[in-house]
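Subject: Structure handover

Hello,

Here is the structure I promised you. Please open it and keep it beside this message while you read.

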Amino acid sequence: MITKMIEAQGVPAYWAQPEAEGPFPTVIVFFEAFGLNEHIRDVARRLAREGYVAIAPDFYHRLPEPRVAAYADMDRVAALASATPDEHIVDDVRAVLEHVKTSPSVRADRIGAIGFCMGGRMSVLAACHFPEEIRAVASFYGGGIASPRRFGPAGTPPLQLADRLQARLRLFFGGRDPFIPLQEVRTIEARLKELGKDAEVFVYPDAEHGFFCDERSSYHAQAAQDAWRKTLELFQEVLKGEG
């Protein structure tokens with residue numbers, strides 16, 4: 001596996017790819033509100049082991065260090081997230097897409113996204129803004145998809161832009177998530193169905209917010225393993241398939 005920090009059109013990002021000769025399908029990894037920490041880098045490496053180029057941008061790069069917050073430091077998390085409006089995220093995704101499409105390691109027509117927490121929202125937002133490029137999205141407990149963001153400038157909830165979506169989506173939520181009510185999950189599901197989008201919503205009744213991260217107390221092994229399996233199925237079918 002090859003891992004490195006790169007500059008993607010001015011956006012610092014963690015890059016992981018298989019050592020075998022490419023080109024490979026690519027997945028953009030959208031971090032939790034805690035920043036580009038070791039957990040997110042590990043997700044990128046896990047994807048690389050599955051045969052993808054994974055690129056995890058540092059969407060906080062405009063801010064002063066430290067740009068990674070401890071899981072318990074919610075004041076720092078709020079400060080980082082609040083200073084990162086949707087316009088910056090969209091600009092950074094555009095830069096990352098331009099970069100990866102020029103890389104000989106990347107199949108430019110096979111790009112997906114995965115995101116967690118704040119990144120769960122960002123991954124859907126990116127697919128709304130770049131429907132021609134992003135073909136598959138795995139969104140984990142994305143807060144603010146159908147309602148204002150928890151931290152900072154509200155922006156436009158991605159669900160209001162969902163008519164633009166062309167990607168196939170799988171969205172994962174915890175039934176015990178205190179930040180994303182089940183009513184909101186059902187609103188997301190109903191709206192995507194109404195629009196005729198290729199989207200599936202999965203709720204793990206006993207899981208909380210952050211259930212995928214094995215560094216957090218809310219980690220739920222069974223839910224995490226099932227959601228990861230479903231994520232790899234999605235990427236296999238859409239990014240590695242013949243369609």
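Which side chain does the side chain of Arg62 join in a polar contact of 3.4 Å? The partner is His61. Keep in mind that this is a predicted model.

Start with the whole chain. The protein chain has six helices and eight strands. Along the sequence, they follow the pattern β-β-β-α-β-α-α-β-α-β-β-α-β-α. The C-alpha atoms fill a box of roughly 45 × 40 × 35 Å along the principal axes.

Is the radius of gyration what a compact globule would give, or something else? A compact globule of 243 residues would have a radius near 18 Å, and the protein chain has 16 Å, so the two agree.

Now look at the packing. Buried residues make up 57% of the 243 residues. Take the contacts with a separation of 6 or more: 75% of them are between residues 24 or more positions apart. The accessible surface comes to about 10000 Å². Carbon and sulfur atoms hold 47% of that surface.

Charges next. The protein chain has 28 positive and 34 negative charges. Their mean positions are 2 Å apart.

Back to Arg62. This residue sits in the loop between E4 and H2. Is Arg62 buried or partly exposed? Its relative accessibility is 37%, so Arg62 counts as partly exposed. Leaving out residues up to four places away in sequence, Arg62 touches His88, Asp91 and Asp92. Ile40 is 22 residues from Arg62 along the chain, and their C-alpha atoms are separated by 19 Å.

Asp91 is partly exposed, with a relative accessible area of 39%. Asp91 and Val11 are 80 residues apart along the chain, yet their C-alpha atoms are separated by 9.6 Å.

Asp58 is in the loop between strand E4 (53-57) and helix H2 (74-82). Its relative accessibility is 7%. Buried means under 20%, so Asp58 counts as buried. What does Asp58 touch, not counting residues up to four places away in sequence? The list is Val11, Pro12, Ala13, Phe31, Leu36 and Arg67. A polar atom of the Asp58 side chain also lies 3.0 Å from the backbone nitrogen of Tyr60.

Find both in the viewer, then trace their contacts.

Best wishes

Conventions. Residues numbered from 1 in each chain as written. Predicted model: local features only at pLDDT ≥ 70, side-chain atom pairs only at ≥ 80, totals over all residues. Heavy atoms only, no water. Helix = DSSP H or I, 4+ residues; strand = E, 2+ residues; numbered from the N terminus. Rg over C-alpha atoms; globule rule 2.2 N^0.38 Å. Buried < 20%, exposed > 50% of the residue type's maximum accessible area, 1.4 Å probe, protein only. Contact = heavy atoms within 4.5 Å. Areas by Shrake-Rupley, 256 points an atom, 1.4 Å probe, with all protein chains shown as cover. Lys, Arg positive; Asp, Glu negative; His and termini not counted. Charge placed at Lys NZ, Arg CZ, Asp CG, Glu CD. Polar contact = N/O pair within 3.5 Å; in protein donor to acceptor, adjacent residues only side chain to side chain.
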